[in-house]
Amino acid sequence: MFRRREPVPFAFIAEADQFRSNVTPPPRERASAGQVAGQWLIGLTVVAGLVGALLIGTPSLSLDQSPAKTQHSEASDGR
């Protein structure tokens with residue numbers, strides 16, 4: 001097989017260090033107190049929902065060791 005003579009189309013990536021800019025991006029704006037409070041409320045709501053679902057769902061996942069009443073069908077009564 002022969003080797004291609006033209007440069008690789010993405011050869012500029014290897015030379016990226018030479019093209020660094022000295023322009024810095026503007027600093028990020030700080031969140032206001034209302035935004036921070038809203039983020040906390042959303043987080044607390046999600047956590048409270050998960051905890052509530054766990055507390056409500058836990059009894060249904062437990063296995064009863066001694067059933068209070070045994071169920072049987074009427075067909076087994078021997079009519």
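This is a predicted model: local features need pLDDT of at least 70, side-chain atom pairs count only at pLDDT 80 or more; totals for chains, interfaces and linings use all residues.
## Overall surface

Buried residues account for 0% of the 79 residues in the protein.

## Secondary structure

The protein contains one helix and zero strands. Helix 1 covers residues 33-61, a run of 29 residues. From its first C-alpha to its last, helix 1 reaches 42 Å, which is close to the 42 Å expected at 1.5 Å a residue.

Helix 1 is hardly covered, and the count of buried residues among its 29 residues is zero.

## A nonpolar patch

A nonpolar patch on the surface is formed by Val36, Trp40 and Leu44. Together, these residues have about 340 Å² of accessible area. An α-helix has 3.6 residues a turn, so residues three or four places apart point the same way.

Trp40, one of the patch residues, is placed in helix 1. Trp40 has a relative accessible area of 60%; because exposed means over 50%, Trp40 counts as exposed.

Note on methods: Residues are numbered from 1 along each chain as its sequence is written. Side-chain values use heavy atoms; hydrogens and water are left out. Helices (H or I, at least four residues) and strands (E, at least two) are DSSP runs, numbered from the N terminus. The expected span of a helix is 1.5 Å times one less than its number of residues. Buried means under 20% relative accessible area, exposed over 50%, partly exposed in between (1.4 Å probe, protein chains only). Patches are made of residues with over 30% relative accessible area and no salt bridge: like charges are joined within 9 Å, nonpolar side chains (Val, Leu, Ile, Met, Phe, Trp, Tyr) within 5 Å. Accessible areas come from the Shrake-Rupley method with a 1.4 Å probe; for residues, only the protein chains shown count as cover. A salt bridge is a side-chain nitrogen of Lys or Arg within 4 Å of a carboxyl oxygen of Asp or Glu.
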